[in-house]
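Visitor: I am new to this structure. Please take me through some of its features, one question at a time.

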Amino acid sequence: MVSLLLLLLSTSILQTAADTPNVHCFAEVNEQTGECEDYLGEGVSDIDCCLNIKYGYKLHGSSSCVGCRPAEWSQWSNWTPCTVSCMEGVQQRQRVCIGEGDCLKGESLEVRSCSLQDCCPQVGGWSSWSSWTPCSVTCRVGQRQRTRECTNPPPSCNADCTGHRVETEQCDTYQICPTHGSWGTWGSWNPCSSNCIREGSGIFPTQPRYRDCDSPPPSVTPPGRACDGSRQDTKDCRDLPFCAIDGSWGEWQPSSDCSVTCGVGRITQKRSCDNPAPRYGGRDCVGSPVRQSICNTKVPCPVDGRWSEWTEWSKCSVLSNDNIRCKSSYGNQNRHRECKGQKHEGKWCEGSRREGRACYYFERCEAAGSWTEWSEWGLCSPPCGRAEKTRSRDCEPIYPDFPTIVQGATKVVEVFFSGIAKVKCDAINGETLKLEEKTECRNVPSCT
């Protein structure tokens with residue numbers, strides 16, 4: 001009976017493994033783009049690939065990357081270039097949600113104002129053309145020039161005029177000059193007839209160079225004299241290397257151990273370019289000296305714990321239940337956080353789970369107020385189309401001159417004011433608690 005139960009259980013496990021689709025497994029997820037990188041291979045299930053939560057996988061080659069970690073926002077990308085080169089524009093930055101599930105808080109796109117320079121270039125206008133210069137020759141055809149200045153009006157903001165300052169045209173003297181030919185400069189040496197020397201032959205490749213009788217060419221009517229000497233020059237190529245021997249691969253060497261002790265890793269094999277090795281500048285072997293294949297340890301990787309956010313501070317109170325609201329008598333309050341996600345012998349969170357502090361209970365207590373300075377301008381909202389940015393001033397309480405450092409039961413402690421006081425500042429534009437100012441963001445990209 002026991003043997004039958006074990007057989008049925010084994011069959012069920014094999015069927016479950018067979019029902020789990022194989023995936024393409026990757027050893028890294030890009031922290032800015034959310035793309036899978038460092039491809040390990042296929043042939044493992046998503047469960048096995050995610051034995052290491054730093055890994056990611058794709059169901060097939062063209063599908064999106066799925067991170068093994070719980071969903072969290074990537075790092076912000078760099079700000080894009082300003083949308084305009086002058087006056088005010090905007091910049092954007094993005095982030096993506098990496099991992100399994102949805103990121104609950106935050107936006108994937110932010111926009112802010114920018115300005116590269118305070119003015120926009122204004123193109124100038126040209127003055128009238130000057131008179132033509134005299135013809136450059138006294139016979140046959142030469143050239144003449146005229147100029148103009150970028151002053152009508154002058155350009156502004158580092159701009160210039162459109163077009164050329166100098167204009168050149170041919171001028172014909174209608175006079176015929178006899179011209180005798182003269183050699184131009186030698187051209188560059190042409191390539192050698194071979195790129196290597198056969199060792200022990202005593203025969204060297206050669207290379208030529210040429211020149212043309214064109215500086216100037218001889219005239220036809222009236223006839224000019226041709227150039228004297230040869231158009232071609234030749235020399236031996238004596239500094240060439242011996243002819244190359246190309247390399248060839250040797251046999252693959254035995255495999256290494258799996259590169260990891262948990263999750264999915266690689267097995268590596270190597271070979272050498274020594275059968276034969278390249279000589280006299282011969283080509284290296286084509287291809288990689290290393291090949292890799294995937295290996296699966298079937299062992300989950302440790303997952304370190306991470307602190308949750310602190311809870312809100314508890315109500316400020318004393319054990320004796322005395323009424324301390326609005327008084328200089330201080331009480332205590334605390335908050336806590338949880339270490340979440342630790343498993344597979346990962347590290348427990350470092351630090352304290354609880355935190356306490358001394359406090360004056362000032363909930364709904366009357367207090368004088370004063371206006372803060374204007375805050376920095378906020379982000380453009382929405383991040384595309386017609387958007388606005390906002391800044392504000394707040395009416396903050398001026399607390400009584402209670403002691404901020406007191407002697408506790410065992411040590412000197414700092415005392416904080418707790419609770420939302422009833423405060424009112426002198427009215428500005430009819431407001432006594434909060435002032436807001438809004439302005440339009442310029443040159444925001446249209447929504448797509």
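Visitor: Is phenylalanine 362 buried or exposed?
Guide: This is a predicted model, in which local features need pLDDT of at least 70 and side-chain atom pairs count only at pLDDT 80 or more, while totals for chains, interfaces and linings use all residues. Residues are numbered from 1 along each chain as its sequence is written, and side-chain values use heavy atoms, with hydrogens and water left out. Buried means under 20% relative accessible area, exposed means over 50%, and partly exposed lies in between (1.4 Å probe, protein chains only). Phenylalanine 362 has a relative accessible area of 2%, so the residue is buried.

Visitor: Which kind of aromatic pair do phenylalanine 362 and phenylalanine 402 form?
Guide: Rings of Phe, Tyr and Trp (its six-membered ring) pair if their centres lie within 6.5 Å; planes under 30 degrees apart count as stacked, over 60 as edge-to-face and the rest as tilted. For phenylalanine 362 and phenylalanine 402 the values are 6.4 Å centre to centre and 75° between the planes, and the pair is edge-to-face.

Visitor: Where do phenylalanine 362 and phenylalanine 402 lie, and how many residues apart are they?
Guide: Strands (E, at least two residues) are DSSP runs numbered from the N terminus, as are helices (H or I, at least four). Phenylalanine 362 is in the loop between β18 and β19 (366–371), and phenylalanine 402 is in the loop between β20 and β21. The pair links distant parts of the chain, 40 residues apart.

Visitor: Is phenylalanine 402 buried or exposed?
Guide: Phenylalanine 402 has a relative accessible area of 17%. The cut-off for buried is under 20%, so phenylalanine 402 counts as buried.

Visitor: Which residues form the aromatic cluster that includes Phe402?
Guide: The structure holds nine aromatic pairs. In one of them, the rings of tyrosine 360 and phenylalanine 402 have centres 5.1 Å apart and planes at 65°, so this pair is edge-to-face. Tyrosine 360 itself is buried, at a relative accessible area of 0%. The one cluster is made up of Tyr360, Phe362, Tyr399, Phe402 and Phe417.

Visitor: In which order do the four strands of the open sheet run?
Guide: Two strands pair if DSSP finds at least two bridges between them. β16 and β18 (residues 354–361) pair in the antiparallel sense over six bridges, while the pairing in the sheet is mixed. The order is β16-β18-β22-β21.

Visitor: Which are the edge strands of that sheet?
Guide: An edge strand here pairs on one side only. Those strands are β16 (331–336) and β21 (405–407).
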